[in-house]
Amino acid sequence: MKPQPPKHALKFFRWFCREDYLEELEGDLTEVFYKKYAASPGKARREFTWSIIKYFRPGFIKSFKSTHNNSFAMYKNHLKISWRSLLRQKMYSVIKVGGLALGLAACFLISLFILDELRYDSHYANYERIYRVVGVFNDNGNMSREVWFPAPFAPALKQDYPEVELSGRYNASALFGAGTAQVRKDGDIENSFEEGIVYFDQSLLEIFSLPMVYGDLTTALKEPGTIVITQQIAEKYFPGEDPTGKLLIVNDKDTEPYKIGGVVSDFLPTSHIQFDFLITMTGREFFEGEQSTWDASNYPTYVLLRPGTDAKALAEKMMKGIVEKYYLPAMLATGQMSEKDIREMMGHAHLELQPVTDIYLDSDVGDSLQHGDMRFIWLFGTIAIFILIIACINFINLSTAKSANRAKEVGLRKVVGSFRGNIITQFLTESFLFSFLSCVIAVAVAVLLLPYFNMLSGKSIVLPWTEWQLMPILFIVVLTVGILAGLYPAFYLSSFKPIQVLKGDLSRGSKSSSMRSTLVVFQFTTSIVLIVSTFIIHRQMDYILNKELGFEKDQVLLVQGAGTLGGQINTFKKELLQLPQVKYTSVSDYLPIRNTKRNGNSFWKEGRTKEDKGIGGQIWRVDHDYIQTMGMEIVEGRNFNVQMATDSQAVIVNQTMAKKLGLQVPVGQRITNGWEIRNIIGVVKDFHFESLKENIQPLCLAIGNSPEIVSVKTSSTDMHGTLEAVAKVWKKLVPHQPFRYTFLDQRYAAMYDDVRRMERIFTSFAVFAILVACLGLFALSAYMVEQRGKEISIRLVLGASMNSIFHLLTGNFIKLVVVSFIIATPLAWYIMQKWLEGYVYRTAIGLDVFILSGAIAILIALLTVSYQSVRAALVKPVEKLRSE
């Protein structure tokens with residue numbers, strides 16, 4: 001049987017499409033559907049439906065000239081009655097519209113955030129064919145995914161696999177001078193401290209088809225000693241001119257200037273690559289034989305595949321070929337492992353080709369890039385849906401609660417001949433009117449709140465006014481919300497029997513409260529979960545910032561760009577130690593914070609390279625004062641001693657390295673990384689040098705030169721005076737170089753900006769959810785007071801106290817909040833426990849968090865209903881009973 005396009009979508013298309021376009025467009029859409037159906041039926045149906053929605057815009061919609069005057073009159077009448085109903089009950093209408101508007105505004109903002117996260121890297125010309133190579137290793141069930149490959153890996157892919165159209169790599173390692181640098185225009189004296197320095201292949205420019213402002217994309221980095229800069233950097237150094245062919249000096253190396261080969265447009269915020277200075281890899285070698293060795297892995301590698309290539313099959317083919325042809329011979333040549341051991345190890349590894357659009361949201365890959373988190377996408381999407389549901393619940397609750405007021409209207413309509421369908425249409429029209437007004441207000445609220453939301457999320461989101469999809473999407477939103485909020489009330493209200501209504505049974509709305517109670521419980525359950533989540537995220541952030549890290553991050557000044565001091569760096573260090581505010585100083589680019597130098601190696605006990613499996617770890621080049629300056633603790637052995645020349649070949653290991661190498665008494669033993677053998681003179685207490693999401697890894701400290709950052713441990717609380725004194729010493733030695741600094745505690749806190757953003761966003765939307773829920777609770781309490789006005793008056797006449805009236809009206813609502821708390825507690829615990837599992841080091845979820853959250857929810861509910869309760873208790877009974 002021949003497959004058919006989705007019939008409802010096709011019916012909708014035939015209804016709205018202009019007759020002169022209909023036949024041709026329907027034929028084209030159907031033809032495309034049949035072509036894609038064979039490959040993926042589900043995808044073909046979705047794309048067919050989406051294509052039809054895209055045609056629902058001016059130019060394709062036919063002009064409707066209804067001949068059904070009676071139907072038109074009926075809908076006009078429905079709209080008129082809906083408008084009058086809205087004006088008649090102003091307070092309830094404001095709450096209905098306001099609640100829906102707040103819910104929709106929250107949804108709009110979160111949707112914009114999610115779309116911004118999901119569209120990363122989709123702006124590149126050939127993004128469907130761009131992949132990053134990822135190496136996956138399974139170590140007894142512990143999966144690690146890395147992107148670092150040897151220098152010859154990218155050329156080998158292009159050479160050996162015809163499916164690869166282009167391959168390219170970059171090197172952003174601070175170990176080789178990438179990351180930060182002092183930069184100046186040739187002929188200038190003063191440097192500027194710059195970030196975003198990277199070594200970049202010419203072919204990588206072509207893979208991403210980076211838009212060139214000046215220069216030729218195919219030759220910009222082809223020559224040795226060339227550099228490509230972004231447009232903002234070009235404007236900074238060469239305002240209003242074409243800088244192609246001009247020179248830049250990096251890190252005061254006047255004998256090695258870089259010629260500007262071109263200027264690219266600034267990388268969009270939605271690109272995972274964010275660099276400003278692209279230095280050519282042509283003719284560059286970081287150490288002897290570096291570009292040909294398979295023993296050092298420092299390059300993320302990308303490929304542009306030819307159209308129609310199966311990426312998964314190619315990755316499997318690459319793994320087998322690269323291992324046999326390159327890795328196996330290279331590893332055998334070191335003599336550290338047998339062929340059997342190498343093959344066994346490689347059997348636990350495989351390659352993946354990761355689509356470029358997946359990179360940003362894949363936070364499980366070790367690549368030193370800024371990442372989003374797919375868990376946040378799902379989490380915020382869920383929050384948006386729940387906030388909208390809470391707003392719709394307000395509409396449903398108020399519509400059913402006020403049912404008694406509409407009962408006579410429904411009864412009379414049925415008596416004079418209205419069908420139930422007509423009445424349902426009437427109430428749905430009313431719902432659509434509320435939905436439309438709410439949508440208009442929600443867009444206005446979103447516009448007003450967008451700058452604040454951008455500040456919270458760290459983004460630069462703008463409303464897509466120019467996107468043609470905006471109006472159809474808003475139209476769909478109005479329809480969806482109108483149906484979601486209005487369908488149950490429409491069926492509920494239209495079900496009244498005329499005989500019961502006209503006999504005077506008008507209290508159905510107030511008696512049928514179980515549904516409303518259930519919905520109120522749902523609202524406050526959601527709100528309490530958000531409150532608990534906010535508290536726990538705040539506690540985790542507080543735990544991160546105040547945890548004992550194994551080093552002292554406070555009052556440590558980091559002087560950056562110290563490499564420009566050259567041979568004066570020891571003089572700078574000595575003069576700083578003369579200042580009364582300075583306790584210690586150290587020169588090293590290896591710091592226990594992100595985006596500083598790292599150097600990963602494998603380590604063995606001396607003489608065990610063939611017998612034992614290597615332990616992955618770090619070796620950091622530091623000076624003799626590093627441990628003192630960082631406030632680290634030696635737990636065995638001794639610190640480096642400047643008087644002992646043998647310390648140049650010594651190391652201090654952390655506790656984890658000693659444990660992983662099986663060293664019961666580490667001091668005095670010798671370890672090797674395959675190139676050099678070093679003697680262990682001490683053991684430093686474990687300290688965190690990466691995120692608290694990860695375990696502390698093996699590390700050793702060795703004396704070495706790494707002069708770009710000087711760490712200054714201060715003893716003064718007068719930080720302003722200390723900065724002036726340090727700057728004075730700097731200017732004395734290098735008067736033409738800018739003094740640039742930061743603080744270790746600030747850099748540490750910046751590692752967790754994503755958690756801070758999550759905390760702020762959670763708090764904001766928790767307030768949103770509570771506010772919307774409270775609007776509904778306020779309206780319900782007002783309605784309850786209105787319905788029970790005479791009862792309250794009679795109770796007051798009979799001597800009831802104000803306190804008893806207050807308890808009468810608030811008791812039921814408090815019970816509902818308590819039920820919500822009971823439901824929300826295990827739910828919130830489960831959700832946040834799952835979130836905390838992403839951190840190896842995490843705070844405990846205490847009972848006090850739930851008690852505090854429950855107390856806040858009850859207090860908010862009390863404050864919300866108290867106004868109406870106190871107002872009801874203070875009213876004069878005669879005003880309510882005069883008609884009796």
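Predicted model: local features only at pLDDT ≥ 70, side-chain atom pairs only at ≥ 80, totals over all residues.
Five bridges hold strand β20 and strand β22 (residues 677-684) side by side, and the two run parallel.

## Strand β20 and its neighbours

In the pairing with β22, Val651 has Ile680 as its bridge partner. Strand β20 also pairs with strand β23 (residues 699-703), this time in the antiparallel sense and over three bridges.

Is β20 (residues 650-654) enclosed or open? Five of its five residues are buried, so the strand is largely enclosed by the rest of the structure.

Five of its five residues are buried, which makes β15 mostly covered. On one side are Val556, Leu558 and Gln560, on the other are Leu557 and Val559, and both faces are covered.

Which strands pair with β15? One is strand β24 (residues 709-714), joined to β15 by five bridges in an antiparallel arrangement. The other partner named here is strand β25 (residues 740-743), also antiparallel, over four bridges. Val559 stands opposite Val710 in β24, and Gln560 stands opposite Arg740 in β25.

Helix α21 (residues 719-733) belongs in this picture too. Its buried residues pack against β15, α18 (569-577), β24 and β25. Among those buried residues are Leu723, Val726, Ala727 and Trp730. Their spacing is worth a look with this in mind: an α-helix has 3.6 residues a turn, so residues three or four places apart point the same way.

| Helix | Residues in helix | Span, first to last C-alpha | Expected span |
|---|---|---|---|
| α21 | 15 residues | 21 Å | 21 Å |
| α5 | 29 residues | 41 Å | 42 Å |

For α21 the span is close to the expected value, and for α5 it is close as well.

## The nonpolar cores

The largest nonpolar core has 117 residues, and Phe108, Phe380, Trp620, Phe765 and Trp835 are the ones with the most contacts inside it. Which helix gives the most to this core? Helix α5 (residues 90-118) does, with 15 residues. Domain 3 (374-543 + 753-881) and domain 4 (556-745) both give residues to this core, so the core lies between them. Another core, of 28 residues, lies apart from it and includes Phe153, Leu157, Val303 and Leu353.

Helix α5 is itself mostly covered, with 22 of its 29 residues buried. As for Trp620, the residues it touches include Tyr590, Pro592, Phe687, Phe689 and Leu701, leaving aside residues up to four places away in sequence.

In one of them, the rings of Tyr124 and Phe208 have their centres 4.8 Å apart and their planes at 55°, so the pair is tilted. This pair links distant parts of the chain, with Tyr124 in the loop between α5 and β1 (130-139) and Phe208 in helix α7 (residues 202-208), 84 residues apart. Tyr124 and Phe208 are both buried.

Tyr170 and Phe200 form a stacked pair, with 6.4 Å from centre to centre and 20° between the planes. Here the link runs from strand β4 (residues 164-171), which holds Tyr170, to strand β6 (residues 192-200), which holds Phe200, 30 residues apart. Tyr170 and Phe200 are buried too.

Ring pairs can also join into a cluster, and one such cluster includes Phe12, Trp15, Tyr21, Tyr55 and Phe475.

## Two loop residues with positive phi

Gln555 is not a glycine, yet its phi is positive, at about 55°. Gln555 sits in the loop between α17 (514-546) and β15 (556-560), and is partly exposed, with a relative accessible area of 30%.

Asn595 likewise has a positive phi, near 65°. Asn595 lies in the loop between β16 (582-587) and β17 (600-605). Is Asn595 buried or exposed? With a relative accessible area of 56%, Asn595 is exposed.

How values were computed:
Residues numbered from 1 in each chain as written. Heavy atoms only, no water. Buried < 20%, exposed > 50% of the residue type's maximum accessible area, 1.4 Å probe, protein only. Core = buried A, V, L, I, M, F, W, Y, C linked by side-chain atoms within 4.5 Å. Domains from an automatic or database assignment. Contact = heavy atoms within 4.5 Å. Pairing = 2+ DSSP bridges. Expected span 1.5 Å × (residues − 1). Phe/Tyr/Trp six-rings, centres within 6.5 Å; stacked < 30°, edge-to-face > 60°.
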